[in-house]
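I opened my notebook to look at how two chains sit together. Here is what I looked up, entry by entry.

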2 protein chains.
Amino acid sequence: MTEAGDSAPRVVETAAALLIGNELLSGKVRDANLERLGRTLHELGIRLARVLVVPDEREVIAGELRELSEAYDVVFTSGGMGPTHDDVTIVAVAQAFDCPVVVEPRFEELLRRLYGERCTEAHLRMARIPSGACLAGDGNEWPAIVARNVWILPGLPEVFAEKLAIVRTYLRGPRPFCSRAVLAATEEPGLVALLDAVVSAHPSVEVGSYPKWFDPEYKTRITFDAPDPDAMRRALEHFLSLLPSDALVRVE
Amino acid sequence: MTEAGDSAPRVVETAAALLIGNELLSGKVRDANLERLGRTLHELGIRLARVLVVPDEREVIAGELRELSEAYDVVFTSGGMGPTHDDVTIVAVAQAFDCPVVVEPRFEELLRRLYGERCTEAHLRMARIPSGACLAGDGNEWPAIVARNVWILPGLPEVFAEKLAIVRTYLRGPRPFCSRAVLAATEEPGLVALLDAVVSAHPSVEVGSYPKWFDPEYKTRITFDAPDPDAMRRALEHFLSLLPSDALVRVE
């Protein structure tokens with residue numbers, strides 16, 4: 001469990017995410033948060049294993065959260081934290097954990113300061129948290145809300161990114177991943193034999209192959225990821241030794 | 001069930017999607033397909049209710065597909081259709097439906113024509129389909145593969161978009177959604193009372209509210225969606241009648 005005020009980052013292995021919003025499912029908005037969350041967790045060495053995109057429906061969100069929270073070390077939600085009728089994340093988390101919603105005095109004070117005389121009950125809906133939740137990020141004016149192992153993050157990409165900076169100080173994986181990539185001028189089918197040889201010789205290394213059909217610079221990007229930098233380097237060098245030299249565009 | 005060669009689009013109500021790929025979970029690639037799929041289905045009046053992002057793991061994909069295929073009228077997969085070790089979608093669909101993988105002669109012929117003498121067994125892995133799957137899109141050189149109610153679509157965004165054009169000719173919802181949007185100069189908390197009044201007076205209309213914190217043009221985008229154009233228009237007009245005229249940026 002993540003506790004506000006921990007001095008050292010907590011080690012977690014697996015993560016899941018719940019992206020919340022009708023607008024993501026109807027194509028009105030292109031999600032920008034999964035990529036950022038994935039990259040952050042990958043750099044920390046935490047394996048993001050499952051992501052769900054669900055509508056603004058309290059029952060659905062609460063049910064999914066209950067399952068994800070039990071199955072994964074840490075869960076991140078994105079979206080549904082505003083003051084309007086379609087912002088149901090806080091009440092859904094509270095429902096998932098069978099606890100009431102309360103007003104967090106620190107947020108209430110911030111909102112009253114921010115909006116001054118314009119501050120209404122509607123504004124103060126943004127001060128609600130599930131009872132018992134922690135605030136993570138002491139130096140941050142707007143800390144992140146963490147209920148049990150669920151980080152409740154806002155959907156606005158700029159604010160979501162700010163909260164990931166807090167995540168970085170609270171969590172880390174058992175070992176960060178080391179990653180390299182090779183750009184090759186060979187089309188993906190021409191690399192299958194090489195890749196099969198490398199994959200079977202280096203089982204601890206995750207090898208990814210991503211074709212580009214319309215890129216003038218290269219045809220396939222091959223990635224190597226492992227917690228052990230030596231294992232990763234051996235797989236990379238094995239691959240490079242098998243790749244015809246005129247097929248190498250560059251190593252990143 | 002979607003059948004290749006249907007003359008009229010089949011009516012389906014609900015959809016789910018499975019986005020497949022370690023690269024989406026590690027933040028190496030930002031998904032571009034969900035937004036397009038969501039917009040296409042929304043225009044057709046099909047409700048995309050649930051989306052999952054999962055790694056390149058056959059067992060995981062097969063298990064999820066079995067559940068989604070039973071729970072929703074139609075399911076779309078994206079990714080994992082290339083020739084390399086991490087492309088497991090076809091075998092996973094076959095596993096989900098307990099059927100063998102076979103080579104589709106039409107794809108084999110296309111691949112042999114495309115690659116000529118360079119065509120190897122590795123290339124021909126891209127000719128595999130789950131036994132019993134249909135090909136949808138007769139006029140299309142590369143039809144889409146449809147196994148029961150699962151459309152197996154490629155991950156490359158350019159190719160995914162081409163396949164959506166086929167989806168449009170095969171499927172439609174009970175009634176397409178009518179959609180309008182209002183851009184308002186008011187911050188979201190200031191709209192809560194108006195929105196609550198409109199939402200409760202027009203239960204058949206889906207009202208969405210999306211704040212923009214860093215946009216110079218407007219502060220909140222409010223969307224109105226309904227299958228019934230008159231209901232949608234009434235909700236829109238109700239909202240506009242309550243919005244102070246100096247807060248209206250424009251209607252889209």
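**Where the chains meet**

I started with charged pairs: across the interface of chain A and chain B, the rule finds six salt bridges. A reminder to myself that this is a predicted model.

I picked out one example, the salt bridge between the side chains of Asp225(A) and Lys28(B), at 2.4 Å, N to O. I also noted why such pairs turn up: side chains of opposite charge can pair when their charged atoms come close.

Next I looked up polar contacts. Between chain A and chain B I get 18 residue pairs in polar contact, with both residues at pLDDT 80 or more.

Then I asked which elements of chain A give two or more residues to the side that touches chain B. The helices are H1 (22-25), H2 (33-44), H6 (121-124), H7 (157-170) and H8 (192-201) of chain A, and the strands are S3 (47-54), S12 (206-211) and S13 (220-226) of chain A. I sorted the residues on that side of chain A by kind, and they divide into 26 nonpolar, 13 polar and 18 charged.

**How much is in contact**

I checked the totals. Chain A brings 57 residues to the contact, and chain B brings 57 residues too. Between them the two chains bury about 4800 Å², with 57% of it on carbon and sulfur atoms.

Do the copies use the same surface or different ones? They meet through the same surface, because 100% of the interface residues of chain A are also interface residues in chain B.

**Symmetry**

I laid chain A on chain B: a turn of 180 degrees and a shift of 0.0 Å along the axis give an RMSD of 0.0 Å. The two copies are therefore related as by a two-fold rotation axis. I wanted to know which C-alpha of chain A is nearest the axis. That is the one of Leu52(A), 2.3 Å from the axis.

Leu52(A) came up again when I looked at strands. S3(A) pairs with strand S3 (residues 47-54) of chain B in the antiparallel sense, over three bridges. There, Leu52(A) stands opposite Leu52(B) in S3(B).

I looked at the one where the side chains of Glu64(A) and Arg50(B) meet, at 2.2 Å, N to O. Glu64(A) lies in helix H3 (residues 58-71) of chain A and Arg50(B) in strand S3 of chain B, so this pair joins two chains.

**Inside chain B**

Last, I followed strand S11 (residues 178-184) of chain B, which runs antiparallel to strand S13 (residues 220-226) of chain B, with seven bridges joining them. S11(B) also pairs with strand S14 (residues 248-251) of chain B, antiparallel again, over three bridges.

Terms used
Residues numbered from 1 in each chain as written. Chains lettered and ligands numbered in written order. Predicted model: local features only at pLDDT ≥ 70, side-chain atom pairs only at ≥ 80, totals over all residues. Heavy atoms only, no water. Contact = heavy atoms within 4.5 Å. Buried area = accessible area lost by both parts, 1.4 Å probe. Salt bridge = Lys/Arg side-chain N within 4 Å of Asp/Glu carboxyl O. Polar contact = N/O pair within 3.5 Å; in protein donor to acceptor, adjacent residues only side chain to side chain. Helix = DSSP H or I, 4+ residues; strand = E, 2+ residues; numbered from the N terminus. Nonpolar A, V, L, I, M, F, W, Y, C, P; charged D, E, K, R; others polar. Pairing = 2+ DSSP bridges. Least-squares fit on C-alpha atoms with pLDDT ≥ 70 in both.
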